[in-house]
Amino acid sequence: MEKIRNFCIIAHIDHGKSTIADRMMELTGTVSKREMQSQLLDSMELEREKGITIKLTPVTMEWKGYVLNLIDTPGHVDFSYEVSRSLQAVESAVLVVDATQGIQAQTLANVYLAIEQNLTIIPVINKVDLPAADVEGVAAQIMNLLGCSRKEIIEASGKTGLGVDKILDAVVERGGIPSFVQGIPSSFTKALIFDSYFDDYRGVVLYVRIFEGEIRKNAEILMMAAGTKGLALEVGILTPKMNPRESLKAGEIGYIVTNLKTTREAKVGDTVTLAASPALEALPGYKNVLPFVYAGFFPVSNDQYKDLKEAIEKLSLSDSALRFEPENSPVLGFGLRIGFLGLLHMDIIKERLEREFGLDLIVTNPSTNYEVVLNNGEILEIKSAADLPDVSEVKEIREPWVKGEIILPKEMIGGVLDLINKKRGHQTNLSYIEERAVIDFEAPMANLLTDFYDQLKSATSGYASFNYELNGYRSEDLVRVDFLVAGHKMDALSVMAHRSEADGIGREVTKKLKEVIPRQNYEVALQAAIGARIIARETIGAYRKDVTVKIHTGDRDRKAKLLEKQKRGKARMKRFGKVDIPSEAFTVMLKRD
């Protein structure tokens with residue numbers, strides 16, 4: 001164990017974690033030049049296309065007689081759950097900061113996560129070879145944040161490979177030897193599952209960190225929290241390909257191929273022990289992560305509903321944060337209501353469903369979950385406005401609030417504070433790191449869901465970065481805004497809104513619907529309503545056919561007779577006609593501007 005070092009790389013999105021990981025694998029000879037490609041650890045097609053890391057990925061390398069286990073983590077706020085999981089499996093974290101951008105919101109959030117876990121933090125300034133690099137300025141920010149000295153900060157470039165050997169040396173020298181959780185080795189085997197996925201050909205594969213004892217090939221294993229038993233059909237390390245071994249020993253990070261059929265039998269955060277001599281107590285696992293953004297996913301044709309359900313079940317095997325339940329809409333038919341960790345998470349899942357499973361989907365407006373307290377004291381959790389019980393039974397409605405943190409240049413504070421106030425939020429603190437300001441604020445989750453990030457980027461010319469976490473539920477004056485198309489209520493379009501914002505949302509959405517719903521042969525009324533009170537209306541005019549064109553004389557009576565006949569026909573159409581609503585109508589809330 002003296003020769004093992006476990007570490008992960010943390011950074012804000014786009015600061016060059018995966019590129020530094022590539023250089024490390026090249027330098028240590030883990031991957032040959034022939035097999036090397038950029039962002040090697042981002043194996044998903046979507047990751048490579050968007051240039052972001054979505055899943056954490058472990059890899060084992062050798063350097064100067066030491067075994068280094070690296071976990072590459074995502075940088076986006078929606079995937080911070082992946083980061084918190086990797087931090088519990090390692091002893092040190094390499095903190096990468098972009099020399100041109102300095103410390104950003106996600107940098108801070110990840111540093112706090114690492115400090116909570118008592119990890120050794122090794123600061124690295126990346127991209128020092130760029131002409132716009134401000135190495136000394138960024139170094140001052142890091143010293144201010146971590147309280148470290150200037151010589152502890154390593155200057156590196158993921159592109160050219162400069163300084164990567166110094167990072168590896170620093171991991172060996174400062175990284176810390178793998179520790180036992182209680183500090184005293186015991187005779188029991190304990191391993192933490194920090195990730196798992198389902199392989200169609202091999203079953204459930206677990207990524208584990210062994211804290212005590214060892215797990216041998218073909219040993220019978222027990223998941224302590226789930227209580228399920230299984231066989232370790234194969235154990236080994238990742239380089240990044242699977243590399244089978246006879247056993248995994250204390251301090252090592254590797255994989256276990258099991259004979260389990262679903263990842264629910266081996267949850268992330270569970271403790272693996274040997275069935276023959278089980279450990280007495282489990283390792284401290286992870287707190288269960290709950291989604292707070294919900295959207296309805298409906299197939300364009302109802303024949304695909306079964307395929308959608310199977311596809312989501314497959315994806316949820318490797319994504320522990322996904323939650324879903326069946327939903328039925330009179331307009332859209334059968335579908336699923338799916339919970340996500342944020343809008344990027346939702347976007348990624350939608351793309352994967354369309355690409356990997358060939359589905360054609362309609363996605364409804366994302367909303368958050370609300371707590372409804374009834375008059376009899378019962379508390380319901382509703383995930384969409386359509387589920388809200390009758391208003392006469394409701395005592396109060398609580399909505400989720402978030403604690404947010406925005407880092408931005410000092411001169412842009414005014415515009416951002418104005419934006420926070422518009423979203424019913426309020427600033428709680430304002431502090432400074434060198435030339436930058438850090439705004440702490442609280443705001444309702446629902447108002448930050450759709451376009452807050454875009455508006456923030458516009459207000460700050462792209463210089464601000466944003467991070468948030470859930471901060472409980474608060475009782476507010478909330479109402480359900482319904483939308484009617486030609487007198488028919490569309491449940492899939494209903495939204496929850498604060499009473500003060502309801503009129504504005506009603507007017508905005510009816511205007512948007514007027515643009516996306518095609519004209520009919522008769523007049524179509526678009527209305528927004530709170531209960532029985534109409535708060536906004538737009539009218540889509542009818543197509544007008546000139547029925548008098550065939551009369552060549554100027555006979556007034558004949559013309560009036562034909563126009564009257566047309567009027568009766570339109571009235572009859574209006575009674576029986578059905579307005580075909582295109583799928584864009586269900587996502588009008590996403591693109592407010």
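This is a predicted model: local features need pLDDT of at least 70, side-chain atom pairs count only at pLDDT 80 or more; totals for chains, interfaces and linings use all residues.
Q: How many residues of strand β16 are buried?
A: Strand β16 covers residues 293-299. One side carries V293, A295, F297 and P299, and the other carries Y294, G296 and F298; these are all buried. The count for β16 is therefore 7 of 7, each under 20% relative accessible area.

Q: Which residue in β18 is the bridge partner of V293?
A: Strand β18 spans residues 333-340. β16 and β18 run antiparallel and are joined by 5 bridges. For V293, the partner in β18 is F340.

Q: Which residue in β19 is the bridge partner of F298?
A: β16 is also joined to strand β19, residues 361-363. These two strands run antiparallel, with 3 bridges between them. For F298, the partner in β19 is I362.

Q: Are helices α3 and α4 roughly parallel or roughly antiparallel to each other?
A: Two packed helices are described by the angle between their axes and the distance between the axes. The axes of α3 (residues 80-87) and α4 (residues 105-116) come within 10 Å and cross at roughly 30°. Angles under 35 degrees count as roughly parallel. The relation of α3 to α4 is therefore roughly parallel.

Q: How do the residues of the contact of α3 with α4 divide into nonpolar, polar and charged?
A: From α3 the contact has S80, V83, S84 and L87, which meet Q106, N110, L113 and A114 in α4. The division is 4 nonpolar, 4 polar and no charged.

Q: What is the handedness of the crossing in which α3 passes α4?
A: The two axes cross at roughly 30°. The crossing of α3 past α4 is right-handed.

Q: Is K127 buried, partly exposed or exposed?
A: K127 lies in the loop between β5 (120-126) and α5 (135-146). Its phi is near 65°, a positive value in a residue other than glycine. Most residues other than glycine have a negative phi. The relative accessibility of K127 is 23%, so K127 counts as partly exposed.

Q: What is the relative accessible area of N218?
A: N218 is placed in the loop between β9 (214-216) and β10 (220-223). Phi of N218 is near 70°, again positive in a residue other than glycine. N218 counts as exposed because its relative accessible area is over 50%, at 51%.

Notes: Residues are numbered from 1 along each chain as its sequence is written. Side-chain values use heavy atoms; hydrogens and water are left out. Buried means under 20% relative accessible area, exposed over 50%, partly exposed in between (1.4 Å probe, protein chains only). Helices (H or I, at least four residues) and strands (E, at least two) are DSSP runs, numbered from the N terminus. Two strands pair if DSSP finds at least two bridges between them. Axes are lines fitted to C-alpha atoms, for helices over the stretch in contact, and angles run from 0 to 180 degrees between N-to-C directions. Angles under 35 degrees count as roughly parallel, over 145 as roughly antiparallel, 65 to 115 as roughly perpendicular and the rest as oblique. A crossing is left-handed if the near helix is turned anticlockwise from the far one by less than a right angle, and right-handed if clockwise. Contact means heavy atoms within 4.5 Å. Ala, Val, Leu, Ile, Met, Phe, Trp, Tyr, Cys and Pro count as nonpolar, Asp, Glu, Lys and Arg as charged, and the others, Gly among them, as polar.
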